[in-house]
Amino acid sequence: MDEQTARKLIVEIGKLMYDKGYVTSSDGNISCRLGENLILATPTQVSKGRMTEDIMALTDLEGKPLNDRRVSSEIQMHLLIYRMRPDINAVCHAHVPHGTAFAAAGLSIDAPILSEVILTLGCVPLTAYGTPSTSELTDSLKPYVEHHNALLLENHGVVAYGKDLWQAFDRLETLEHTAKIAILAKILGGANDLPKDAIEKLINIREKAGYLTEAARCQACGYLEHTDIKCSLDAESVNIGNSNGAKISFTREELIELLAQAANIG
Ligand SMILES: [Zn+2]
């Protein structure tokens, strides 16, 4: 994406975030990857509802300033995501009220209650609290960045990312909408979970349609453990085909123990 279009879109998305109540005051930040080592980002201490195209900051992937604008200290969270995910070109961080309520209550958004969410976003895990702007925060995100497209930051807010600015914003919007529905359903007595076979069908559809890749099979969703959907990309697990062609997964520890037992028998 060319720089001028990116500046325009960041202003537009900032206004949407502010108008929808996803941020107040100077909360939140938005960034976009312009080149291999070039990031355009919202500057520090600015309302996302009142930005202009000329105020954006430029940095490299390590956070070194490349123009005279000071970037938000929360940029480190964005840069971690860009470094770990070459497929990601935009990041939105906000303090959305319903999503942040989950993060403040110490809950993930991972119940299989909405088909669209399984199709387009997957689970949103809770990452452990880290002081904003420090490596505590980025360290706690690291285990989740690779397989998820949005994260809850404990007692802080949320971050969503995508292949472009609109996809990052759409994922933020889906996260917030889901959190709101989950809270409302709880008031009505609790949402019903989708059955295992319905979840499996949705996961197959989302991969065929290209909404999410196979990496999302490795997400930290409690419900995935109750389906036949298995993560084949996790370095810690080994898949072995059995005579029916179905796959069985072992963790590294389980496999070592099994081999040790086999050796003892032998
Ligand atoms: Zn924040």
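**Sheet, zinc site and disulfides of a predicted model**

Trainee: Which strands form the open sheet, and in what order?
Mentor: The open sheet is formed by seven strands, arranged E3-E2-E1-E4-E7-E6-E5 with mixed pairing. Two strands count as paired if DSSP finds at least two bridges between them. Strands (E, at least two residues) and helices (H or I, at least four residues) are DSSP runs, numbered from the N terminus.

Trainee: What should I know about the model itself?
Mentor: This is a predicted model, in which local features need pLDDT of at least 70 and side-chain atom pairs count only at pLDDT 80 or more, while totals for chains, interfaces and linings use all residues. Residues are numbered from 1 along each chain as its sequence is written, and side-chain values use heavy atoms, with hydrogens and water left out.

Trainee: Where do the E6 side chains point?
Mentor: Ala150 and Leu152 point one way from E6, Leu151 and Leu153 point the other way, and all are buried. Buried means under 20% relative accessible area, exposed means over 50%, and partly exposed lies in between (1.4 Å probe, protein chains only). In general, side chains of a regular strand alternate between the two faces of the sheet.

Trainee: Which strands does helix H1 lie across?
Mentor: Helix H1 (residues 3-19) lies across strand E1 (29-35), strand E2 (38-41), E3 and strand E4 (90-94). H1 runs at about 165° to E1; axes are lines fitted to C-alpha atoms, for helices over the stretch in contact (heavy atoms within 4.5 Å), and angles run from 0 to 180 degrees between N-to-C directions.

Trainee: What about helix H2: how many of its residues are buried?
Mentor: Seven of the 10 residues of helix H2 (residues 75-84) are buried, so that helix is mostly covered. The buried ones are Ile75, Met77, His78, Leu79, Leu80, Ile81 and Tyr82.

Trainee: Changing topic, what are the protein donors of the zinc ion?
Mentor: Glu74 (OE), His93 (NE2), His95 (NE2) and His156 (NE2) are the protein donors, lying 2.1 to 2.5 Å from the zinc ion. Donors are N, O and S atoms within 2.8 Å of the metal (3.2 Å for Na, K and Ca); water is not among the atoms, so sites may look incomplete. Along the chain, the donors follow the spacing E-x18-H-x1-H-x60-H.

Trainee: Why is the site irregular?
Mentor: The angles among the four donor atoms are 77 to 162°. Four donors count as tetrahedral if all angles lie between 85 and 135 degrees; four count as square planar and six as octahedral if opposite donors are over 155 degrees apart and all others between 65 and 115; anything else is irregular.

Trainee: Is His93 buried or exposed?
Mentor: His93 counts as buried, at 0% relative accessibility. His95 is partly exposed, with a relative accessible area of 24%.

Trainee: How many disulfides are there?
Mentor: A search of the whole structure finds two disulfides, a disulfide being a pair of cysteine sulfur atoms within 2.5 Å. One joins Cys123 and Cys221, with sulfur atoms 1.8 Å apart. Cys123 lies in the loop between helix H4 (115-120) and E5, and Cys221 in the loop between helix H7 (196-209) and strand E8 (237-241), so the pair ties together parts that are 98 residues apart in sequence.

Trainee: And which cysteines form the other link?
Mentor: Cys218 is joined to Cys231, S to S 2.1 Å. Both lie in the loop between H7 and E8, so this pair ties together parts that are 13 residues apart in sequence. Both Cys218 and Cys231 are buried.
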